[in-house]
Amino acid sequence: MSSELMIEMKNVHKWFGELHVLNDINLEINKGEKIVICGPSGSGKSTLIRCINRLEEHQRGNIIVEGTELTNDSRSIERIRGEVGMVFQQFNLFPHLSILDNCSLAPIWVRKLPKSEAKDKAMEYLKRVQIDDQAHKYPAQLSGGQQQRAAIARALCMEPRIMLFDEPTSALDPEMIKEVLDVMVGLAQGGMTMIVVTHEMGFAKEVADTIIFMDEGQIVEAKNPKDFFDNPESERTKTFLSQIL
Amino acid sequence: MSAARKEIGPPVIELGTIGWLRKNLFSNWYNSLLTIFGLYLLYILIPPLVNWIFLDANFVGSTRDDCSNEGACWIFIQQNIKLIFYGLYPTEELWRINLVYLILLISGVYLLIPNLRHKGWVGAFLLIIFPIICVVMLSGGFGLEAVETRLWGGLFLTLVIAGVGIVLSLPIGVMLALGRRSKLPVVSLLCTIFIEIWRGVPLITVLFMASNMFPLFMPEGVNFDKLIRALIGVMFFSAAYLAEVVRGGLQAMPKGQYEASQAVGLTYWRMMALVILPQSLKMVIPAIIGSFIAIFKDTTLVLVIGLFDFLGIIQFVGTNPDWLGFSHEGYVFAAAVFWVFCYAMSWYSQRLEKKLDTGR
Amino acid sequence: METDKSKIGSFIFNRSVQGIFYQLITLGLVALGIYYIVTNTARNMLERGLASGFHFLGVESQFDIGMTLIDYSPTSTYFDSFIVGLLNTLLVAGIGILFATIIGFTVGIMRLSSNWLIAKIAEAYVEILRNIPLLLQIFFWYFAVLRALPKPKQSLELYDSFFLNNRGLFIPDTVFGEGSSIIFYLLWLTIIISIGIFIWAKRRQNRTGERFPAFYVSTTLILGTFFVSLAATGFPVSFEYPELKGFNFKGGVKLIPELVALTFALAMYTASFIAEVVRGGIMAVSKGQTEAAKSVGLKQNLILRLIIIPQALRVIVPPLTNQYLNLTKNSSLAAAIAYPDLVLVFAGTALMQTGQAIEIIGMVMGVYLFLSLFTSLIMNLFNRFMKVDGER
């Protein structure tokens, strides 16, 4: 595995009012690495990955993505957002656009691709997530699993170097979780750098290089899957694992 | 990774009053500019208004000569207060109006206090017996001296028109809504036409129609007085709007409720009366209050057909030669009274809406 | 079940038979009611010697109207007075809608401002204005503000060209001199060219992905050509400013105080409702939409243009049209301050003179009814069109 550093977080802190949601986060993620973050709700795991493409602002410390430090400079934010794709819990597809237009929108307006080229690329990724036959439908006409796959395709169309997943399967009916996880496994095997917030421990075992357990805004434990499941150090991790497995 | 952590707090600048000010008023340069603009706006509006209404105003006196003319002359309102509140209603009979207000107030407060028993009876009293009391008390009979409706006026008349309008129009509105949703095409078509006609025209044309055309519709010898004609107009007009509100509630009712009541063998009318209407009416109470606010504001229009409601009487006392030139005071006073009524109702309906929302 | 009764029973309790029965009863009752009203009316009219029919429309009206958009004099017909009233109604509704939209959108967006003070000021505007009867507001602007203004000699003025006094608002009039037509042709030409530029820019973006600043280029083109041609032809377009002659202003365009007060009140009042519509529409677009748009790298102005506005507009347009309709219907309050709109001229003066209540009120109601039904027809089409690509 190459050791090109993609994301670096140094002493990152964030507060919502008085609430300390991120407490001294230090993290280094190399190219091609797959990180799974888990933890109880309210532990700050979503906030952590939302800081990486600056949907949330951190207040102390440094976040460096591909050599660019995240500051208030809008140019650097836009550059990083172009390199970092994100998939949301609630899909957040644009309801007024067809699936194809959802996917080609950003390539046309951000990457400035010709329309036909953007649509070809969109079709290619829709084929990869196996919903190319739904390309001309609107989001509301699709099932949850199909919508989430479309959302993944939308993110991939920007050809990002890093993908963030914020609980991508939590809003799905059980029978649809697998189709989304399969797409994500495929993506991981293709060498994508991925940070996934999820409670799908089977997925974590299968693809993760490192599993991070967070609680009360802190990284409690960060280990490879085998050690994580077999020898958890902290009591909090043990309790959490016993509840979830 | 979990090295020794020293406890540190968020940047001071984001906390407390300073943090609040910075975040809500001065987050960046154009926000600061907007704040300054807002402050300036308040500065040019508020102090002169406060001065005029309170600080420079005259509150005691009996004629216009007691007014300094530097601020508002509230003596104008004070001297005409009886006209403004009761119109030309005979002074020695005013207790009748006040008694009606009192009954309404007591039963209203009783209904608003949570967790009291027998609310159903009080409600039934308000809807069935109270209107009869009103008619007898206000217009006379049973030994009480008759008071012609042309003497009615002021805020009293406004409340009568709005109250009668809403109380009588509610049942009509419910029937129209049921009719419009009926599966029988003729019934549904007739109700739709009726509703859309009233909703499609301005109230003022309805009032013109009521005062000019109703007399033509009636058989010989039957002659309604002006107030009743206006009431009929207002009633049909608001019934059409209420019908649409109620229809919204009926549409929001889950299909399962209809199916369940049919499954236990209820007939159409029982299903509507026992299951569907109680639920859907409760759901649309906020919207019904909204309609009531609209009707209440719209009652001011009756002055175009020569009735002296609250606004009409204010216009009227402003033309009294002794009090010429005090229209500002009259309008501001009227606006304040209307505003208090309407705002209180809309505040109550918003609160109710939140409560119903969480209760579902 | 007893078999004897079942034949009659199955007829009486047959659902469709019952349905027809109820419908016949309803129809019969309605017909009876109408017959009753019609016979009463016919007799009453005969007794009072009232004419019926629409012949009066061709008769000389013999009254004058304070403000007319078409040629009108007391020798014109009642039908002409109907048209004058209708046009005056449409004029006040049109101007009112324009200003209500501007104020309403501004206040609605202000209510969503992250600036606490601005949001509160907007909220106060909405809560105050919409809880005070419109008629009271019209009276206030008309009797308490405009009529209390100084006489023409002490007019309030702006840049020596706008004058406000108790006779009304006087604004400059544009006068088109010799050669001004060429400017109009050029203006049209540049507008057509601009449309061409937009189409070309869109095509080019589709083909190559390159964007062209079509908006700025065409704005510059239109304005530039306009001013250059204005200068080249020696400014044939001039303004005629209102001037104080004796006790009143001459020249310019005079807006009567009734019109000013009515437009002002209608716009301010309706704006408070439009503000709520706009706020609701924008809030209906979830936060997740903005986040998703940010996460694919769209800039703020593109997020607004491509994601938020298209979604908010779908929510806003139907209730907004409804407010426009309300404003138009509310313009009938004109009658209370004697602005010569349809209701005052036709249902007021004309009705008083002819006594033909049924025909006249029928015509007036018909106009408003037509406007309402026409608008709701358009809205139904709009909703159907929007639904095609929506719900399951």
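Exposed means over 50% relative accessible area, buried means under 20%, and partly exposed lies in between. These terms apply throughout the views below, which show a predicted model.

**View 1**
A:Glu235 is exposed, because its relative accessible area is 55%.

B:Glu244 and B:Arg247 are joined by a salt bridge. Their closest N and O atoms are 3.0 Å apart. Helix H11 (residues 226-252) of chain B holds both residues. Their spacing is three residues, about one turn of the helix. B:Glu244 has a relative accessible area of 17%, so it counts as buried. B:Arg247 has a value of 18% and is also buried.

C:Lys287 and C:Glu291 meet through their side chains in a salt bridge of 3.9 Å, N to O. Both belong to helix H9 (residues 287-295) of chain C. Here the spacing is four residues, about one turn of the helix. C:Lys287 is exposed, at 64% relative accessibility. C:Glu291 is buried, with a relative accessible area of 12%. Elsewhere in chain C, shared partners link salt bridges into one network of C:Arg111, C:Lys120, C:Glu123, C:Glu276 and C:Arg279. Over all chains, the whole structure holds 31 salt bridges.

**View 1. The contact between chain C and chain B.**
Chain C brings 53 residues to this contact, and chain B brings 55 residues. Together the two chains bury about 4,600 Å². Carbon and sulfur atoms account for 72% of that area. In chain C, the residues that lose the most area to chain B are C:Gln23, C:Asn131 and C:Met365. Together they make up 13% of what that side buries. How many salt bridges are there between chain C and chain B? The count is zero. Polar contacts do occur: 15 residue pairs are counted between the two chains, with both residues at pLDDT 80 or more.

**View 2. Helices on the chain C side of the contact.**
Several elements of chain C give two or more residues to the side that touches chain B. They are helix H2 (15-48), helix H4 (116-129), helix H5 (134-146), helix H8 (257-283), helix H11 (342-354) and helix H12 (357-387). Which of them gives the most? H2(C) does, with 15 residues.

**View 3. C:Asn40 against chain B.**
C:Asn40 lies in helix H2 of chain C. C:Asn40 is buried, because its relative accessible area is 4%. A polar atom of its side chain lies 2.8 Å from the backbone oxygen of B:Phe217. Setting aside neighbours within four places in sequence, C:Asn40 is in contact with B:Leu216, B:Phe217, B:Met218 and B:Pro219.

**View 4. A nonpolar surface patch on chain B.**
The patch covers about 1,200 Å². Its members are B:Leu39, B:Tyr40, B:Leu42, B:Tyr43, B:Ile44, B:Leu45, B:Ile46, B:Val50, B:Phe54, B:Leu55, B:Phe59 and B:Val60. B:Phe59 lies in the loop between helix H2 (29-55) and helix H3 (75-79) of chain B. Is B:Phe59 buried or partly exposed? B:Phe59 is partly exposed, with a relative accessible area of 45%.

Most residues other than glycine have a negative phi. A:Asn11 has a phi near 45°, a positive value. A:Asn11 is found in strand S1 (residues 5-16) of chain A. At 41% relative accessibility, A:Asn11 is partly exposed. A:Glu216 also has a positive phi, near 50°. Where does A:Glu216 lie? A:Glu216 sits in the loop between strand S9 (210-215) and strand S10 (218-223) of chain A. A:Glu216 has a relative accessible area of 56%, so it counts as exposed.

Terms used:
Residues numbered from 1 in each chain as written. Chains lettered and ligands numbered in written order. Predicted model: local features only at pLDDT ≥ 70, side-chain atom pairs only at ≥ 80, totals over all residues. Heavy atoms only, no water. Patch = residues over 30% accessible without salt bridge, like charges linked within 9 Å, V, L, I, M, F, W, Y side chains within 5 Å. Areas by Shrake-Rupley, 256 points an atom, 1.4 Å probe, with all protein chains shown as cover. Salt bridge = Lys/Arg side-chain N within 4 Å of Asp/Glu carboxyl O. Buried < 20%, exposed > 50% of the residue type's maximum accessible area, 1.4 Å probe, protein only. Contact = heavy atoms within 4.5 Å. Buried area = accessible area lost by both parts, 1.4 Å probe. Polar contact = N/O pair within 3.5 Å; in protein donor to acceptor, adjacent residues only side chain to side chain.
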